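Here are my notes on this one, point by point. Have a look at the model first, then read on.

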Amino acid sequence: MAGGSIEKLHAGDVAPSFELPGTDGDVYTLDSFADDEALLVVFTCNHCPYAKAKFDALNAIAADYEDAAVVGINPNDPGEYEADSFERMQELVEEGTIGYDAYLFDESQAVAKEYGAVCTPDPFLFRRDGGEFTLAYHGRLDDALAPDDEPSGTPGFEVREAIDSVLAGESVGRLFEPSRGCTIKWKPDNEPHYWENL
């Protein structure tokens, strides 16, 4: 089932903290990216066709920006989709299908809830503001919203423009345009009700 991202976090909000295992065996927190000026956190997964369609765009962003980190977080319940297991995440990284700066597993799904993530992919771009990261942009990567669509510009061009603005020390002029993808596969009785807090 497909769904669209919502605004739980707003521009200027501090990034919710996390402590998550990566496919490389390390444990990552926000402090792991303290040397980066921008941090793109994307809730994504292994199996969703919407997420898979953005692998290459995210890999390219990770490769092209030295001062911006691309962090994928998989919050899906592998009990519902075995293809979203941590082991499969590791395989995708090892074979080069995924080349983010880090690919993390949100097994408890608590981080996805804190961010207000809804779908895969659901991207959040933060700027380093002193000793913390604050939200600069939340929304789609580009205007190709279906797996077989082609973006009207460079893949990921909308978030690339946002990253460029952050690295230039400017505000991001883009308004919220929801991302679209498969809804997060929540564990039984774990699905959040974000609208109660909006």
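1. Helices here are DSSP runs of H or I with at least four residues, strands are E runs of at least two, and both are numbered from the N terminus.

2. Some housekeeping. This is a predicted model, in which local features need pLDDT of at least 70 and side-chain atom pairs count only at pLDDT 80 or more, while totals for chains, interfaces and linings use all residues. Residues are numbered from 1 along each chain as its sequence is written, and side-chain values use heavy atoms, with hydrogens and water left out.

3. Staying with α5: the helix is mostly covered, with eight of its 11 residues buried. Buried means under 20% relative accessible area, exposed means over 50%, and partly exposed is in between (1.4 Å probe, protein chains only). The buried set is Phe157, Glu158, Val159, Arg160, Ala162, Ile163, Ser165 and Val166, so you'll see charged side chains in it by the counting rule of Lys and Arg as positive and Asp and Glu as negative, His and the chain ends not counted. The cover over these residues includes β4, α2, β5, β8 and β9; contact means heavy atoms within 4.5 Å.

4. Now the overall build. I get five helices and 10 strands for the protein. The C-alpha atoms fill a box of roughly 45 × 40 × 35 Å along the principal axes. Buried residues make up 53% of the 198, and of the contacts with a separation of 6 or more, 77% are between residues 24 or more positions apart.

5. Which residues touch the most other members of the largest nonpolar core? They are Leu40, Leu58, Val70, Tyr100 and Leu125, in a core of 26 residues. A nonpolar core is a set of buried Ala, Val, Leu, Ile, Met, Phe, Trp, Tyr and Cys residues joined through side-chain atoms within 4.5 Å. The elements giving two or more residues to this core are β4 (38–43), α2 (55–64), β5 (68–74), α3 (86–94), β6 (102–105), β9 (132–138) and α5 (157–167). Apart from it lies another core, of 25 residues, including Leu39, Ala69, Ala102 and Phe124.

6. Leaving aside neighbours within four places in sequence, Val70 is in contact with Leu40, Leu58, Ile61, Ala62, Tyr100, Asp101 and Ala102.

7. A few backbone spots to check. Most residues other than glycine have a negative phi, and most peptide bonds are trans. The bond from Thr120 to Pro121 is cis, with omega near 5°, and Pro121 is in the loop between β7 (119–120) and β8 (122–129). Gln109 has a positive phi of about 70° and lies in the loop between β6 and α4 (110–115). Asp189, in the segment after β10 (180–183), also has a positive phi, near 65°.
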